[in-house]
Amino acid sequence: MKLTNIKRIVFSSVLLVPIFFLSGCVKQKEVTYSTDLEIWGIFDDSDAFGSLFEAYRKINPFIHDLKYRKFTIDTYKKDLLDALATGNPPDIFYIQSTWLPEFQDKVEPADPQILGEAEFRKNFVDVVVSDALVDGKVYGAPLSVDSLALYYNKDLFNYEAITAPPKTWTEFNDVVRRLVKKDSFGQITQSGAAIGTAYNINRSTDIFQALLLQSGLDMNAGDKQLFLGNSGDAVLDYYTQFARGNSALYTWNPRMHYSIDAFYEGNLGMMLNYSWQYETIKRKNAKMNFAVVPLPQSDNGVKANFSNYWILVVAKNKFDTESPDPQLKNKVRIHEAWQLIKYLTVGQSGSMTLQNGVTGNPKTFSLPLDPTEQYLEKTKKPAARFDLIEKQKSDPILAPFATGNLIAKSWREPDSDEVDKIIAEAIDGVNVGKYSTQEAIRLIESRIGVLFRR
């Protein structure tokens, strides 16, 4: 399309205006426009982005208005899918990293000139690259990544003269034995750790998958080999033995209080969870003496963790039927949406180069503060970028989660919600004696295989 035709296109009720400027002795033609962008999310409040949006509007002349809208997690996925189906989605929205296979045909990858593979790999931890980089294209970027860590009750450790939290699962087993207390009827009155069941442990399926990864299992090997072999059987047997009444490690059962409640109530020695539960515990029991350390690792030398995080993606289609050229308007919207994501997630302090979404002309702006670092300081979340993890390594609360991100892994789940249900039902089936561990693993393999073939 010729630039003379572009003059007639309206973006957000603002006319595209040609501007002439000199660069040396060559006249170049510029086009100005105005774009509004809306982001949808779940956990953040709008004040997490307020100052970041204000600073961005000052450096990007093509942005008119930026909005963030918070949803409840119960309806968020349905609300997203409904908005996408009607053709009026948010410009940018959060998805859980495991949702990308479901949403990949609904979102637009970044233009390599804005955020390419090399820059993406240089900045983000390996799990993000594995999840969000598909066929050399960047489909999303996170502000934060979370991985599992070990919460422990320091008072209970002190009472039993346990001087250090466990670093390996062998040490973990020993601590469980020392912490668990039972009454004269064999009923557990104090649990060593919340592990072994499905439904009364927060993120039990993630803990199980972390153990699978530490066993050396390649969970991206393909649907037929996903959980086959002795690895899956041994991991499920290890996990469920903590809820087996005749086990030497019996410390938990389906009748126990929910793991988070049991921990802040003071009757639980250890809990495996993510960083976002730290503030929950502090709110529930401000006087509780607890700390967080890295997730125990396998004695076999395979270091791994399991990640749970959200990425920002850009809606592929959002057409304005009132625009003279809706396709061009959509193209510019995508361009500006990705420039905003880069600013939020990669925009390190110093400077940032922005491009005109029509002509491609670049212009470099000063960026005195790192937007991502500001966001993490305000929200108290672990970092997804290597340079910010290095800074968080000295943080007594965030360090276990941030460093855990360096060894975190995931896999391309066909339907993350269904996968969680399948794993939870298999664990519970072993707990109640419905399945042997071998039968439960075969069931997991079979049902996830069906999801892959849908």
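Let's start with strand E7, residues 92–96. E7 is mostly covered, with five of its five residues buried. Buried here means under 20% relative accessible area, exposed is over 50%, and partly exposed lies in between, with a 1.4 Å probe and protein chains only. Strands are DSSP runs of E, at least two residues; helices are runs of H or I, at least four; both are numbered from the N terminus.

A word on the source. This is a predicted model: local features need pLDDT of at least 70, side-chain atom pairs count only at pLDDT 80 or more, and totals for chains, interfaces and linings use all residues. Residues are numbered from 1 along each chain as its sequence is written, and side-chain values use heavy atoms, with hydrogens and water left out.

Back to E7. Which way do its residues point? Ile92, Tyr94 and Gln96 go one way, Phe93 and Ile95 go the other, and all are buried.

Now its neighbours. E7 belongs to an open sheet of four strands, order E6-E5-E7-E16, with mixed pairing. Who stands at the edges? E6 and strand E16, residues 310–314. Each has a single partner strand, so one side of each lacks a neighbour in the sheet. The twist averages 25° from one strand to the next. Two strands pair if DSSP finds at least two bridges between them. E5 and E7 pair in the parallel sense, over two bridges. Trp40 stands opposite Phe93 there, and Ile39 has Ile92 as its bridge partner. On the other flank, E7 and E16 pair in the antiparallel sense over five bridges. Ile95 stands opposite Ile311 in E16.

Next, the rings. The rule: rings of Phe, Tyr and Trp, using the six-membered ring of Trp, pair if their centres lie within 6.5 Å; planes under 30 degrees apart are stacked, over 60 edge-to-face, and the rest tilted. Lys77 lies over the face of Trp99, at 4.7 Å from the ring centre. The charged end of Lys106 sits over Phe103, 5.9 Å from the centre of its ring. The test there: NZ of Lys or CZ of Arg within 6 Å of the ring centre and within 35 degrees of the ring normal.

How many aromatic pairs does the structure hold? The count is 27. Take Phe49 and Tyr68. Their centres are 4.9 Å apart and their planes stand at 35°, so the pair is tilted. Phe49 is in the loop between strand E5 and helix H2, and Tyr68 is in strand E6, so the pair ties together parts 19 residues apart in sequence. Both are buried. Phe208 lies in helix H9 and Tyr239 in helix H10, so the pair ties together parts 31 residues apart in sequence. Phe208 and Tyr239 are buried.

On to helix H14, residues 371–379. Pro371, Thr372, Tyr375 and Leu376 are buried. They cover an arc of only 135° around the axis, which puts them on the same side of H14. That arc is taken over directions from the helix axis to the C-beta atoms. In general, an α-helix has 3.6 residues a turn, so residues three or four places apart point the same way. What do the buried residues of H14 pack against? H2, E7, helix H13, strand E18 and helix H15. Contact means heavy atoms within 4.5 Å.

Last, the five-strand sheet. It is open, with order E11-E12-E13-E10-E14 and mixed pairing. Strands E11 and E14 stand at the edges, each with a single partner strand, so one side of each is left without a neighbour. Helix H12, residues 276–284, packs on this sheet, touching E10, E13 and E14. Its direction makes about 165° with that of E14. Axes are lines fitted to C-alpha atoms, for helices over the stretch in contact, and angles run from 0 to 180 degrees between N-to-C directions. Lys182 stands opposite Ile188 in E12.
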